[in-house]
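Trainee: Could we go through this one together? I'd like to hear how the labels get decided.

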Amino acid sequence: MITLKSPHEIELMRRAGKITAAARALAGEMVKPGVTTREIDRAVEQFIRKNGAVPSFLNYHGYPGSACISVNDEVIHGIPGNRMLKEGDIVSVDVGACIGGFHGDCAATFPCGEISDEAQRLIDVTRESFFRGITRAKEGNRVFDISAAVQEYVEANGFTVVREFVGHGIGRQLHESPEVPNYGMAGRGPRLLRGMTLAIEPMVNAGAASIRQLSDGWTVKTLDGKLSAHYENTVLITDGEPEILTAPAI
């Protein structure tokens with residue numbers, strides 16, 4: 001069931017979104033050679049708790065971290081640990097925070113030092129595909145209008161979208177209806193209504209779209225070993241332009 005949020009609930013989601021976005025920014029600032037993914041995860045957790053929220057991801061279905069930190073060919077759900085970042089890596093950080101019973105969810109891919117031109121282009125196209133998608137995130141349109149816009153932009157730039165994992169509704173639950181794929185035919189899917197809140201998150205591969213999951217039960221990698229990037233924000237459908245609830249300021 002798709003839930004429409006009341007003005008009070010939207011305000012709570014704005015609070016959660018601001019904390020989540022600031023935690024993402026903190027993680028991005030820490031992406032430097034010599035830093036471990038566990039150090040980033042601990043800083044994210046401390047920041048979220050310091051601001052009166054709790055990490056949405058920690059212990060979610062048993063996930064052991066407060067942030068998903070995925071490096072290079074890792075698509076999503078990388079588990080923080082002793083891995084030390086090195087020059088040239090690209091690092092996707094996905095963060096969630098809950099306050100007042102409502103969640104915020106956002107992600108971005110950050111360069112670690114100097115990266116290749118192709119890696120930077122992948123990051124840029126992934127981010128821009130999100131913004132192409134939300135041009136369709138307007139009351140009266142349909143969910144797959146967003147999906148089609150993302151896919152069209154990604155594929156026009158020579159990259160591929162991951163199909164097994166998708167965006168989602170968000171609110172009292174971290175994952176709610178509807179699903180928001182990053183591919184599909186415009187004009188399909190549920191109608192967008194004011195008060196809907198969606199986590200829109202393109203996951204884009206430099207090579208083929210195929211993926212594989214590691215034996216840890218979480219980490220997802222590209223099947224061909226090529227790079228992957230991720231960009232996500234929590235978005236509110238309004239009676240006008242969509243509002244990004246995880247805008248990067250607190």
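Trainee: How do the residues of the lining of the largest pocket divide into nonpolar, polar and charged?

Mentor: There are 10 nonpolar, five polar and six charged. Ala, Val, Leu, Ile, Met, Phe, Trp, Tyr, Cys and Pro count as nonpolar, Asp, Glu, Lys and Arg as charged, and the others, Gly among them, as polar. Bear in mind that this is a predicted model, where local features need pLDDT of at least 70, side-chain atom pairs count only at pLDDT 80 or more, and totals for chains, interfaces and linings use all residues. Numbering starts from 1 along each chain as its sequence is written, and side-chain values use heavy atoms, with hydrogens and water left out.

Trainee: Why is Val 75 called buried?

Mentor: Its relative accessibility is 1%, and buried means under 20% relative accessible area (1.4 Å probe, protein chains only), so Val 75 counts as buried. Val 75 lies in strand β3, residues 74-76; a strand is a DSSP run of E, at least two residues, numbered from the N terminus.

Trainee: What does Val 75 touch, not counting residues up to four places away in sequence?

Mentor: Its contacts (heavy atoms within 4.5 Å) include Val 162, Met 203, Ile 211 and His 230. As for Phe 57, 18 residues apart from Val 75 along the chain, the two C-alpha atoms are separated by 17 Å.

Trainee: What joins strand β7 to strand β8?

Mentor: Three bridges, with the strands running antiparallel. Pairing takes at least two bridges found by DSSP, so β7 and β8, with three, pair. They form a hairpin with six residues between them, and Gly 169 stands opposite Glu 176 in β8.

Note on methods. Helix = DSSP H or I, 4+ residues; strand = E, 2+ residues; numbered from the N terminus. Buried < 20%, exposed > 50% of the residue type's maximum accessible area, 1.4 Å probe, protein only.
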